[in-house]
Amino acid sequence: MTPTRTYRTTQERRAEIIEATMRVLAEQGFAAASFARIREVAELSSTRMISYHFADKAALMGALVEHIVQQAAAVMVPAMEAEPTWAGKLAAYLRSNLRFLADNRLAARAVIEVIRNAPRADNGLREDTSALLLSLLLAQGQEAGEFRVFDTLVMARSIRATIDAFAMTMPSGEAATAAAIDEIVALYHRATRPEGGA
């Protein structure tokens with residue numbers, strides 16, 4: 001009897017390569033994430049199967065970050081949309097983002113490896129865009145009178161830096177992780193609320 005060969009679609013193969021890349025980045029670091037090592041982890045027959053889908057390492061890293069960002073957005077956007085106030089949306093932004101990182105630790109470590117090691121041109125726009133979008137949320141909260149007056153971009157960058165630090169140093173236990181998330185949410189509630197506000 002001739003064994004049946006399993007063929008994967010382009011989308012399935014790309015997902016398989018991205019998953020293997022995430023594991024290599026998280027467990028061995030950016031320097032180890034060569035096409036040769038990714039091929040081994042993905043159990044592919046040749047590195048050409050990677051270069052067919054991704055022109056070079058930069059393209060692969062960009063696709064990995066985009067994949068994880070989309071997964072995070074699928075969790076964060078509904079959580080934020082469910083909140084009727086800007087203060088609630090900020091709390092949901094923080095809580096859902098931090099919870100996503102805690103629930104997807106390999107993904108969190110992989111993205112941090114890319115941000116730390118990829119050339120600035122590869123990740124600077126994404127970081128700036130993330131902070132700019134968050135600063136718009138904060139500005140709308142100020143206009144609604146829910147937040148005090150502050151530099152929204154400085155606050156947005158501070159929030160993003162806190163989230164990145166959490167991704168690198170989050171506790172291992174669930175209780176400690178939940179307490180850290182609660183503390184960060186409370187911290188930025190206090191930092192943004194109007195004078196004398198609750």
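**View 1. Helix α5 passes helix α8 in a right-handed crossing.** In this predicted model, the two partners are α5, formed by residues 86–103, and α8, formed by residues 152–169, and they pack at an angle of about 20° with their axes 10 Å apart. Because angles under 35 degrees count as roughly parallel, that packing makes α5 roughly parallel to α8.

**View 2. The side of α5 that meets α8 is shown residue by residue.** From α5, the residues in contact are L90, Y93, L94, N97, L98, L101 and A102, and they meet I159, R160, I163, F166 and A167 of α8. Sorted by class, the contact of α5 with α8 holds 10 nonpolar residues, together with one polar and one charged residue.

**View 3. Helix α4 also packs with α5, at an angle of about 145°.** The axes of α4 and α5 lie 9 Å apart, and α4 passes α5 in a right-handed crossing. On the α4 side the contact is made by I68, Q71, A72, V75, M76, A79, M80 and E81, which meet K89, A92, Y93, S96, N97 and F100 in α5. The residues of this contact of α4 with α5 divide into nine nonpolar, three polar and two charged. Y93 and N97 of α5, listed here among the residues that meet α4, are also among the α5 residues that meet α8.

**View 4. The second largest pocket of the model has a volume of about 190 Å³.** Its lining consists of Q11, R14, A15, I18, A63, E66, H67 and Q70. The elements that give two or more residues to the lining of this pocket are α1, which covers residues 10–28, and α4, which covers residues 57–81. By class, the lining of the second largest pocket is made up of three nonpolar, three polar and two charged residues.

View 5. Read from the N terminus on, the elements of the chain run α-α-α-α-α-α-α-α-α. Along its principal axes, the C-alpha trace of the chain spans about 75 × 35 × 25 Å.

Terms used. Residues are numbered from 1 along each chain as its sequence is written. This is a predicted model: local features need pLDDT of at least 70, side-chain atom pairs count only at pLDDT 80 or more; totals for chains, interfaces and linings use all residues. Side-chain values use heavy atoms; hydrogens and water are left out. Axes are lines fitted to C-alpha atoms, for helices over the stretch in contact, and angles run from 0 to 180 degrees between N-to-C directions. Helices (H or I, at least four residues) and strands (E, at least two) are DSSP runs, numbered from the N terminus. Angles under 35 degrees count as roughly parallel, over 145 as roughly antiparallel, 65 to 115 as roughly perpendicular and the rest as oblique. A crossing is left-handed if the near helix is turned anticlockwise from the far one by less than a right angle, and right-handed if clockwise. Contact means heavy atoms within 4.5 Å. Ala, Val, Leu, Ile, Met, Phe, Trp, Tyr, Cys and Pro count as nonpolar, Asp, Glu, Lys and Arg as charged, and the others, Gly among them, as polar. On a 1 Å grid over the protein atoms alone, a cavity is a set of points where a 1.4 Å probe fits but cannot get out, and a pocket is an open set with protein on both sides within 12 Å along at least five of seven lines; lining residues have an atom within 4 Å of a point. Grid points are joined across faces, edges and corners, and a volume is the space filled by probe spheres set on the points.
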